[in-house]
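This report covers one protein chain. The sequence and structure come first, followed by notes on selected residues, the overall fold and model confidence.

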Amino acid sequence: METRVHALTYDLRSSNNELKDLVEHYKSMQKELKDTQGQLIQSAKLAVLGKLSASINHELNQPILALQAYTENDQRLLEIGRYETVKENLGEILKVVSSMHKIVARFKIFARKSSPETRACFISEIIDACLVVINPLLNESRVKFSISYNVKMKNYSASQYKFHRYSLT
C-alpha cells in the first residue's frame with residue numbers, strides 16, 4: 001500500500017510539474033503575443049502617419065508654391081511701380097493662406113484627442129471637412145468622388161470632431 005501511495009504521489013507531482021511548465025509556457029506565449037500585437041499596432045500607426053504626412057504634404061505643397069510665385073512676382077512688380085497689381089496679388093495671397101489655414105485646421109481636428117464643444121453645424125460642413133482630409137488618398141487611388149447638396153440639409157447640434165474621427169477611421 002505504501003508503495004502504491006509513493007507511486008501515486010510521484011505521478012501527481014510529475015503531473016503537477018508538467019502543468020506548471022504548461023502554465024509557464026502559456027504565460028510566455030501570451031506575453032509574446034501581446035508584444036507582437038503592440039508592435040503590429042505601432043506599425044499600423046506609423047503607416048497611417050506616413051499616409052497622413054503625405055496627404056498634408058500634397059495638400060500644402062500647391063499653396064506654398066503659389067505663395068512663392070506671388071511673392072517673386074510682387075517683388076518684380078514693386079520694382080517697376082505696379083502697386084495696384086501687387087495689391088491684387090496680396091488679396092490672392094490672403095486667399096491662399098486662408099485655404100492653408102483651413103487645411104491645417106481640418107487635420108488638427110482629426111488628430112485632436114479631446115473633443116471640442118458641441119455646436120450647431122450642417123452635415124455638409126462635416127462632409128466637406130472630411131473630404132479635405134481624404135481627397136489626396138482618393139486622387140492617389142484614382143477614385144472620382146462628387147457630391148451634390150441640392151437637398152436642403154438640416155442644422156444639427158454635434159461635435160465636428162466626433163464626425164471626423166468616426167467617418168475617417
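## Asn 89 and helix H2

Asn 89 is buried, because its relative accessible area is 12% and buried means under 20% (exposed is over 50%, partly exposed in between; 1.4 Å probe, protein chains only). Asn 89 belongs to helix H2, residues 83-111. Helices are DSSP runs of H or I with at least four residues, strands are runs of E with at least two, and both are numbered from the N terminus. With neighbours within four places in sequence set aside, the contacts of Asn 89 are Tyr 70, Asp 74 and Leu 77; a contact means heavy atoms within 4.5 Å.

This is a predicted model, in which local features need pLDDT of at least 70 and side-chain atom pairs count only at pLDDT 80 or more, whereas totals for chains, interfaces and linings use all residues. Residues are numbered from 1 along each chain as its sequence is written, and side-chain values use heavy atoms, with hydrogens and water left out.

## Asp 74 in helix H1

Asp 74, one of the contacts of Asn 89, is placed in helix H1, residues 2-79. Asp 74 is buried but has no salt bridge, a term for a side-chain nitrogen of Lys or Arg within 4 Å of a carboxyl oxygen of Asp or Glu. The nearest side chain of opposite charge is that of Arg 76, 9.1 Å away; Lys and Arg count as positive, Asp and Glu as negative, and His and the chain ends are not counted.

Apart from neighbours within four places in sequence, Asp 74 touches Val 86, Asn 89, Leu 90 and Ile 93.

## Surface

The accessible surface of the whole chain is about 13600 Å², and carbon and sulfur atoms account for 57% of it. Areas follow the Shrake-Rupley method with a 1.4 Å probe; for residues, only the protein chains shown count as cover.

## Overall fold

Four helices and two strands make up the elements of the chain, in the order α-α-β-α-β-α from the N terminus. Of the 169 residues, 19% are buried. Among contacts between residues at least 6 apart in sequence, 79% join residues at least 24 apart.

## Confidence

Mean pLDDT (the predictor's confidence in each residue, from 0 to 100) is 79 for the chain, with 77% of residues at 70 or more. Over residues 164-169 pLDDT stays under 50, and the model has 14 contacts beyond four places in sequence for them.
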